[in-house]
Amino acid sequence: MKQILLAEDDFDFGSILKQYLELHDYQVLWAKDGKEALKIFNKEQFDICVFDVMMPKMDGFTLAEKVIAIDPEMPFVFLTAKKMKEDKVRGLKLGADDYIVKPFEADILVLRLQNILKRSQRVLSVREEVICIGGYKFDAINHCLSFNDEKQKLTEKETILIQYLYDHKNSMIKRENLLSDVWGNDDFFSGRSMDVFISRLRKYFIKDKNITIESVRGVGLTFKIKQE
């Protein structure tokens, strides 16, 4: 039984949502505000989190930031009554797996949670040896990318993405193939999540000018490593 952390300050809505998720064989721990949710997260193990954006004591975005600091791989979904583009962008930058605007049908949330959990369980095997990528050393087993004496700790998703790009280096990778192979889904939200991760990797590899990630809008991208 998958365990969900639900953070929702609306008592009636939270109560109904909790009951509906439990009917679909999820175990739900429900917090009424962000601070309570963080305390529960520190004590329990969860498979996924569902956070309302507007909550007292600690909003959903701040809560997500603190959860990510504890467990960078934890999948999470935002619930919000707001349709502001800025909020969606902020959620995507935090790495949210979905962003659902109220009001919505409870079965829609269940379907989206099922899809996210399927994607999070999809694990590509990682290389055991340390790989040299230009001036960098990539250690997939220990989730680390180093340049000289500087080390960048990687999340599991970043590690898998770097390995995938390296395995397909210097060739055009179709966007739908990358989404299918790494994210397990090529829907809109997965695409936006991928864009955030690619931007992050560009910053990680910025110290070596012979390494670039070049995108062709609507087609795909190329992980280019120039030979010196």
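## Strands that pair

Two strands count as paired if DSSP finds at least two bridges between them. Keep that in mind as you look at this predicted model. Take Q3 as an example; its bridge partner in β2 is Q27.

Strands of a sheet pair through backbone hydrogen bonds, and the pairing can be parallel or antiparallel. You'll meet both kinds here, so let's start with the parallel one.

## The five-stranded sheet

β1 and β2 belong to an open sheet of five strands, laid out in the order β2-β1-β3-β4-β5 with parallel pairing. Who sits at the edges? That would be β2 (27-31) and β5 (98-101): each has a single partner strand, so one side of each has no neighbour in the sheet. Ignoring direction, neighbouring strands in this sheet are turned by 20° against each other on average.

A helix packs on this sheet too. Helix α2 touches β1, β2 and β3 (48-52), and its direction makes about 140° with that of β2.

## α2 meets α3

Two packed helices are described by the angle between their axes and the distance between the axes. For helix α2 (residues 34-43) and helix α3 (residues 60-70), the angle is about 15° and the axes are 10 Å apart. That makes α2 roughly parallel to α3, since angles under 35 degrees count as roughly parallel. The crossing of α2 past α3 is right-handed.

Which residues do the touching? On the α2 side, look for G34, A37, L38, F41 and N42; on the α3 side, they meet L63, K66, V67 and I70. Sorted by class, this contact of α2 with α3 has six nonpolar, two polar and one charged residues.

## Two hairpins in a row

How many residues lie between β7 and β8 in their hairpin? There are four, and H143 in the turn has a positive phi of about 50°.

## The three-stranded sheet

Now for another open sheet, made of three strands in the order β10-β12-β11 with antiparallel pairing. β10 (172-174) and β11 (211-216) stand at the edges with a single partner strand each, so one side of each is left without a neighbour in the sheet. From one strand to the next, the twist averages 25°.

Zoom in on β10 and strand β12 (residues 220-225), which pair in the antiparallel sense over three bridges. I173 stands opposite L221 in β12. Helix α6 packs on this sheet, touching β10, β11 and β12, and its direction makes about 75° with that of β12. Helix α7 lies across β10 and β12, running at about 65° to β10.

## α6 and its helix partners

Let's look at α6 with α7. Helix α6 (residues 156-167) and helix α7 (residues 175-183) pack at an angle of about 135°, with their axes 11 Å apart. α6 and α7 are therefore oblique to each other. Their crossing is right-handed. The contact involves K157, I160, L161 and Y164 from α6, along with N177, L178, D181, V182 and W183 from α7. By class, the residues of this α6 and α7 contact split into six nonpolar, one polar and two charged.

What about α6 with helix α8 (residues 188-204): what is the angle at which their axes cross? Roughly 75°, with the axes coming within 11 Å. That makes α6 roughly perpendicular to α8. From α6, the contact uses K157, E158, L161, I162 and L165; from α8, it uses F197, I198, R200, L201 and Y204. This contact of α6 with α8 divides into seven nonpolar, no polar and three charged residues. Notice that K157 and L161 turn up in the contact with α7 and in the contact with α8.

Note on methods. Residues numbered from 1 in each chain as written. Predicted model: local features only at pLDDT ≥ 70, side-chain atom pairs only at ≥ 80, totals over all residues. Heavy atoms only, no water. Axes fitted to C-alpha atoms, helices over the stretch in contact; angles between N-to-C directions. Parallel < 35°, antiparallel > 145°, perpendicular 65-115°, else oblique. Left-handed = near helix turned anticlockwise from the far one by under 90°. Contact = heavy atoms within 4.5 Å. Nonpolar A, V, L, I, M, F, W, Y, C, P; charged D, E, K, R; others polar.
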